Structure formats: C-alpha cells, structure tokens
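Let's take a walk through this structure together. Have the model open beside you as you read.

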Amino acid sequence: MAAVPTLARRIARSGVRPLCRWPLAWGRAARQPPGLPLAPCRAFSNNKILVELDESSGVAMMKFKSPPVNSLSLDFLTEFCISLEKLENDRACRGVIFASAVPRIFSSGLDITEMSGKSMEHYAEFWRAVQEMWLRLYGSNMVTIAAVNGSSPAGGCLVALSCDYRIMVENPKFSIGLNEAQLGIVAPFWFKDTFVNVVGHRIAERSLQLGSLYPAPEALKFGLVDELVPEEKLQEKAMAVMAQWLALPDHARQLTKSMMRKAVLDRLVAHREEDVQNFVSFISKESIQKSLRMYMEMLKKKKS
Ligand SMILES: CCCCCCCCCCCCC/C=C/C(=O)SCCNC(=O)CCNC(=O)[C@H](O)C(C)(C)COP(=O)(O)OP(=O)(O)OC[C@H]1O[C@@H](n2cnc3c(N)ncnc32)[C@H](O)[C@@H]1OP(=O)(O)O
C-alpha cells in the first residue's frame, strides 16, 4: 500500500486560521452586553469547524459548520482532530461543548462519498482519520458535552456517544442511533463498545442488528441521550451541566474517566492497523459498494 499522509501532514495542509474574539452566535462574545469590554476569549476557525474558548470559564464551544449535513469527510475529521488537539493542549480549556451550526442536523455521520468509488489507499487514509477522531474524543481529558441540536445517525451518533454527556433538542423529528445495518454495513467493534458502554449490551445488540434510529423522546427513555430540552434552552442547559462537571477537581474526574474508558481505547490502539485492513477489505467489496450506491440513490430519490 502507498505511503499514507499522516495526521501531521494533513494538519499542515489544512491551514487552521486563528481568529481573535470571533462572535459566534452561540458564544460568550455574542452574549456580552454592548459597551462592556470582552473578558479573555480566544477563537479559531477553519473551513468546517468554529471554536470559541471562553478563558474565564475554561469552556470551549465547537460548532460544526459543514453544510448541507455536517458529514464526517476526511477534511472535516482532520479539522476536528486539529481543533480538539489545540484545546486539549491549552491549559485554559477544561471542557468542550459540541453543537451544529447547520439547522436540523447535528451530523449525518461518516461521509459516504469517502467510502464509495475510491482507491484502497483512500479508504485506509479515511479510516485512520475516523479512528483518530474517536481516540482523541473518547480519550479526551476535558469534559465533553454533546448539545445534539439535530439528527445524528451513525458516525454522528458516535460523536455524541463519545462525549461525557448528551443533551438533545426535544424535537421528535430529530433522530439518533447507529443505523449502519440499514446501509448494509457493520458498525466496527469500537463503535459497538462505545454504544454498549452507554446503553448496555441488550439494547445495543438489538439496536445494532436492526440499525435503529430513535426519535429524541425514545432515545431518552433508554439513556442514549441524558436529557431533552427545548431548542432555545439547549445552550443554557449545556453550560449548566458543564459547570456542574467542572466543579469537581480535574484530576479525580480525569482518572475516573480514564479508568472507565481505558480498556475500550486500548483495544483499538492494539488492533489499529488490523482494523484499517478490515475496513478496507470490507468496504471495497463490490457487494458493499453496491449497497452504498443504492443508499445514496435512495437519499436522492427521497427528495424528489
Ligand atoms: C467480522 C466483522 C467484520 C466487520 C468489519 C467492519 C469494518 C467497518 C465497516 C464500515 C463501517 C462504516 C461505519 C459507518 C458509519 C457511518 O456514519 S455511515 C453514514 C450513515 N449516515 C446516514 O445513514 C445518514 C444519511 N443521511 C440522512 O439520513 C439524511 O441526509 C439526513 C442526515 C437525515 C438529512 O436529511 P435532509 O435534511 O432531508 O437532507 P438530504 O436531502 O437527505 O441530504 C442532503 C445532501 O447530503 C447528502 N448526504 C446525506 N448524508 C450523507 C452522508 N452521510 N455522506 C455523504 N452525503 C450525505 C445527501 O445525499 C444529499 O446530497 P445531494 O442529493 O447531492 O444534495
């Protein structure tokens, strides 16, 4: 297999731009009363993700802005990893809230076009980026809260599941779940492990086999999300939950989180290359490619 660009090389190519006091619609700057000086705040942006860090609270807001559906493309995943790494290495940052800047969609999951009609090398590079995203997010030392303000199938659900807490907008039109089976594909073992750790074995087994997507109220019933709130209360609620989690000493919370997640993280780290090879050989099968093409066609037909 040809040499694959490392994350470092993809980071170098991506050109993250630092921005000063970026007025995110959801950010502290936007809430600042006019005329008052801004408290310390740092922001940075790249093409698909906006981040604003409020230094006074230690809380960052990361917003996905990759229309139409925030699909997790290679570029998106690269920017996500860069942004998370920057925050992880910033001593001023203790917690991150993830939300979408695209109406009605948190994330539509892995970008299907990255898994269809491409070379083996591309599939391997893409899958390494998916692994990297999950390892960084699930293994993050920061408090991570998903403010799920829209539908969140498959990889989008994985992002939410990998956080410490999930708050979803109470709209029954918004659904969430690991629906891979509906596409004729299989959620890999670390998606499954993350899911099991949130909802338990029985519900995970049934939901994965059926590829179930759950409307927000149903997802709440079995703990796939922790709370539902009206859309206009989502930010306030996420900040309140964050404050509650940040009230604890970081070291105690971090060691506890690591104790709970380490075995699952270590399992992928130990089998990372094997997992890439499994993905590549699975996704490049003609029968799987056909399923993905049919699924994309179905999405297009649904519109007309
Ligand atoms: C021993 C066992 C070995 C096993 C080995 C296992 C190996 C591993 C196997 C592979 C594992 C892969 C894991 C995959 C995870 C995933 O995340 S797959 C992606 C799943 N996502 C979905 O199913 C969501 C599909 N999309 C939708 O349901 C809807 O689009 C929406 C998100 C609910 C939004 O609906 P709406 O607002 O009506 O918008 P649309 O009109 O449907 O979409 C707008 C355009 O966006 C395109 N699009 C949608 N989703 C995606 C996507 N995920 N990727 C790429 N593109 C997407 C859609 O086609 C539209 O495009 P246009 O028609 O060109 O406008």
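First, some ground rules. This is a predicted model, so to speak: local features need pLDDT of at least 70 and side-chain atom pairs count only at pLDDT 80 or more, while totals for chains, interfaces and linings use all residues. Residues are numbered from 1 along each chain as its sequence is written.

The chain's secondary structure comes to 12 helices and 12 strands; these are DSSP runs numbered from the N terminus, with helices (H or I) having at least four residues and strands (E) at least two. Of its 304 residues, 42% count as buried. Buried here is when 20 or more other C-beta atoms lie within 10 Å of a residue's own, exposed is 12 or fewer, and partly exposed is in between, with C-beta atoms placed from the backbone.

Now for the inside. The largest nonpolar core has 77 residues, and Ile97, Ile145, Ala147, Val148 and Met168 touch the most other members. Such a core is a set of buried Ala, Val, Leu, Ile, Met, Phe, Trp, Tyr and Cys residues joined through C-beta atoms within 7 Å. Helix H4 (residues 120-138) gives the most to this core, with 9 residues. Leaving out residues up to four places away in sequence, Met168 touches Val148, Phe174, Ile176, Ala216, Ala219, Val225 and Leu228; a contact has C-beta atoms, placed from the backbone, within 7 Å.

Next, look at helix H6 (residues 189-199), where Trp190, Phe191, Thr194 and Phe195 are buried. They cover an arc of only 140 degrees around the axis, which puts them on the same side of H6; the arc is that of the directions from the helix axis to the C-beta atoms. These buried residues pack against H4, helix H5 (155-161), helix H7 (201-210) and H10. Just after H6, Gly200 takes a positive phi of about 95 degrees.

Helix H11 (residues 272-283) has Asp275, Val276, Phe279 and Ile283 as its buried residues. Seen down the axis, they fall within an arc of 105 degrees, so they line one face of H11. The face turned away from them carries the exposed Glu273, Glu274 and Ser281. Cover for the buried residues includes H4, helix H10 (250-270) and helix H12 (286-303).

Finally, the ligand: 29 residues surround it, the closest being Ser108, Gly109, Leu110, Ala154 and Gly155, where a residue counts if its C-beta atom, placed from the backbone, lies within 6 Å. Strand S8 (150-153), H11 and H12 each supply at least two residues of this shell.

Note on methods: Two residues are in contact if their C-beta atoms, placed from the backbone, lie within 7 Å. The expected span of a helix is 1.5 Å times one less than its number of residues.
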